Amino acid sequence: MNASSKFLGPKQKLVLIGNGMAGVRTLEELLKMAPDLYDITVFGAEPHPNYNRILLSPVLAGEQTIEEIILNPLDWYADNNITLHLSKTVTQIDRIRRKVIASDGTEADYDRLLIATGSVPFILPIPGKDLDGVIAYRDIADTNEMIDAATKYQHAVVIGGGLLGLEAANGLMLRGMQVTVVHIGDWLMERQLDDVAGDLLRKSLQARGLKFKLGAQTQALIGGKDGRADGEDTTRGRVRAVQFKDGSEIPADLVVMAAGIRPNTALAESAGIHCSRGIVVSDTLQTTTDPRIYSVGECAAHRGIAYGLVAPLFEQGKVCATHLAQFGIGRYTGSSVSTKLKVTGIDLFSAGDFTGGEGFEEIVMSDPFAGVYKKLVIKNDQLVGACLYGDTVDGSWYFKLLREGRKVADIRDKLMFGESNIGDVGHQGHNKAAAMADSDEVCGCNGVSKGTICKAIKDKGLFTLDEVRKHTKASASCGSCTGLVEQLLMFTAGGDYSATPKKKAVCACTDLSHQDVRDAIDKQHLISLDSVYTALSWKTPNGCPTCRPALNYYLISSWPKEAQDDPQSRAINERAHANIQKDGTYSVIPRMWGGETNSSELRRIADAVDKYKIPTVKVTGGQRIDLLGVKKEDLVGVWKDIGMPSGHAYAKALRTVKTCVGSEWCRMGTQDSTQMGKDLERAFVGMYAPHKVKFAVSGCPRNCAEAGIKDVGIIGVDSGWEMYVAGNGGIKTEVAHFFTKLKTAEEVLEYTGAFMQLYRTEGWYLERTVHYVARVGLDYVKQKILDDVEGRRALWAQLQFALAGEPDPWFEFDKAKVDLRQFEAL
Amino acid sequence: MKEWKNICALTDIPVLGSRRVQRSQGPQVALFRTADDAVFALLDRCPHKGGPLSQGIVFGNKVACPLHNWTIALDNGQAHAPDEGCTAKFSVKVEAGQVMLCEGELASIGLEFEPIKAGPCTRSC
């Protein structure tokens, strides 16, 4: 007994009914937050500790053993002082006396009750359903019975051509049985696949030896003594045949009913708890009938939906746990789900409305010979559905487009070929995770191999993309390998993991999204971090490295000259005004307006290099000079000796304006691009933004300054200037969109300023212009800047107001709030 | 009996910031000050890739390493799960606005690593 519980008196009692994945996950989350709050009792109808139900198919197929799919061994329950009742089915909940009673008479009192009874298989109400050899496919006992039957019998019939049925059929076939799949629909998995993909799947499974009877309605199961038709009563003994509506029969020694599942609500209903398509729960996972009783998992109906995938159930578990732990924070607001299934080594993915038809546009690619089929369904310039067969690596990308409702007009011609074809890098040509060797690198940013990821998934029991990111860092940086990592999860942990919360919170300090926070700061006129923490009920006293820099930026961009910049809410580079290097030294990049320099600047740089023994001098990609390996204590001296302005090469701010030599020297030049670049750079210097910002100006369409991959690119033509926006030369090379054509240099400044101010005040922190424009749509940006003349001028004026008198942090330390103590000895 | 050594005034350390303490050998020691004026001392070395923790963002009772954003608890030096690792901690005493470290610990803890470049320190200790 620890000190705290002594003061709190006797512990409260928590009872969990249902020893499955959702319920036990909730307990795990609860124990992390409040290990000593409850005496916990768990009832499980099966004789096993919590196991990974999704992996029953590999067990049936002989690829894994029961022991390998156990998630929480018996020791786990003992170590956490959990009373575990195995093989005991709870038959009654006495809500007045607050106790549950099992079929053998075992009782347990509760202060809070968690019902996680999962689902039950749907058994067709036909004659013969109770014969020996007729089973469902739901648990370890069913699996063992199938394995056993495969050693004694020859003919198996699986009723139901959905995911579960096909996995059962595949497993039985691998164990040597002749298997026929009977399916009432005209094609397989009709809820996840369209007819073409369903047909491809059938052909592929037929080639492996499965037989199919589609569009077939089962009328009865015929029995007999030992499965033999010897004239005795056909309604008793073991099943021997399946009979169809048309009177035909096929032999069957084993019948697996896989025609669907239903939420298991019988116990809750008998206790008078409101059920409708499941046990009805609120956003806190509390039943609407009894606030002491919670429900999570396949048995629970949240906003009318009972989820059957593991990721939403785990999200529910996490929220439920915070309420059980009496933190009272977090709400479950539903999940978007996609289906990305692995059926016997065949890749399938579907999401959204993939049937299409009237009012929808379809893009279809079909290569039946190679076994690849892709169908994308578009409505109102948005992707609304996707159905992929054979090559599913882009499933997660399509799912993201679909969820975000991004306009796809600009990428429509490349949409079908996947994310890697949008940019120049992606998943290094790999599109089949299963075929990769363990040593192959999956995540190039963080150097994580397939073997490392698979090992972490197995050893640490990971289920979601987020968990893999946290444990291995794979897909945690640029995200271009997300599809591959999801496939590895699927192969290694089984099942389906593509589910995400509908709204993404900034970080764990709040439930609010970036947009919510921006709106609140604008509408409520919040001008300090403390006022944000208070007004928005921040969960932490001073945020975290994710939210604090974001909040600081939102404050200073929404309320310039009013909100105070907080250096301690900036990462080290923006606090030290230099770039930290891997060895703890810094780099210094002075500003060279438009990339132009002169002999005295170069001389001063050379002298500083000698004086401070700076080891490396390098020309950057942005036409400037980088001094690498400067000691932090030397920074102030280097800045002073060089006597050039800060290049902000370390900041989420305007970096460089790259230029070509232009009409002043170049025999091809049509415009003075160098002067234009210098003017732009002087107008925008010191401009903080959600992320770094790069401009370029070329003097003619040959575009030597590479203006097509910059946040704003200006290209001189004979009649004036072309303006391009939202290009990117980073992780994914994105070509900038043509925005408008302008006549004068003043116009270039005004339009560029308006675009920047729109981005600065609407962009989410760490969102580059390319992502901002993708989110809001280029049409919206055009409407705000090209169509709305007054609005454009107002934006430009706002930006000029914000930038007026911005200090240079290398010289005006006081004004820029640079803490000089960091450069001085104590 | 611990021999305490005066290092600096509490106000020498920025709120939600840090200062560094030089030793005759081994990596420097980072002093952190939280929002509620608690002071903690850790070896200025992230258990991940040796990043200087003194340059990180301080939040709550934690610091985020400036190199790869590992979160280290200030009170015990433990990396935040699922990351694994621990950096050495030092005892700190704040009396009458003076921050003090223990001489014996300064002379003995974490000497197996090289000193770390991350900016100026106390002149010597």
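Which residues have the most contacts inside the largest nonpolar core? In this predicted model, the largest nonpolar core has 114 residues, and those with the most contacts inside it are Val697(A), Ile714(A), Met723(A), Val725(A), Phe755(A), Leu31(B) and Leu42(B). Helix α22 of chain A, spanning residues 745-762, gives the most to this core, with seven residues. At least three residues are drawn into this core from each of domain 4 (514-570) and domain 5 (653-807) of chain A. Phe755(A), one of the residues with the most contacts inside the core, touches Val712(A), Val725(A), Val781(A) and Ile785(A) when residues up to four places away in sequence are not counted.

An unreviewed UniProt entry annotates residues 442-489 and 506-556 of chain A as "domain: BFD-like [2Fe-2S]-binding". Over residues 506-556 of chain A, the chain is 53% helix and 0% strand, with the end C-alpha atoms 18 Å apart.

In chain B, residues 5-101 are listed by UniProt as "domain: Rieske", likewise in an unreviewed entry. This span of chain B is 0% helix and 40% strand, and its end C-alpha atoms lie 5 Å apart.

Between the chains, 27 residues of chain A are in contact with 27 residues of chain B. On the side of chain A that touches chain B, the residues divide into 10 charged, nine nonpolar and eight polar.

Note on methods:
Residues are numbered from 1 along each chain as its sequence is written. Chains are lettered from A and ligands numbered from 1 in the order in which they are written. This is a predicted model: local features need pLDDT of at least 70, side-chain atom pairs count only at pLDDT 80 or more; totals for chains, interfaces and linings use all residues. Two residues are in contact if their C-beta atoms, placed from the backbone, lie within 7 Å. Ala, Val, Leu, Ile, Met, Phe, Trp, Tyr, Cys and Pro count as nonpolar, Asp, Glu, Lys and Arg as charged, and the others, Gly among them, as polar. UniProt positions are given in the numbering used here, feature names are shortened, and annotations may be inferred rather than shown by experiment. Helices (H or I, at least four residues) and strands (E, at least two) are DSSP runs, numbered from the N terminus. A nonpolar core is a set of buried Ala, Val, Leu, Ile, Met, Phe, Trp, Tyr and Cys residues joined through C-beta atoms within 7 Å. A residue is buried if 20 or more other C-beta atoms lie within 10 Å of its own, exposed if 12 or fewer, and partly exposed in between; C-beta atoms are placed from the backbone. Domain bounds come from an automatic or database domain assignment.
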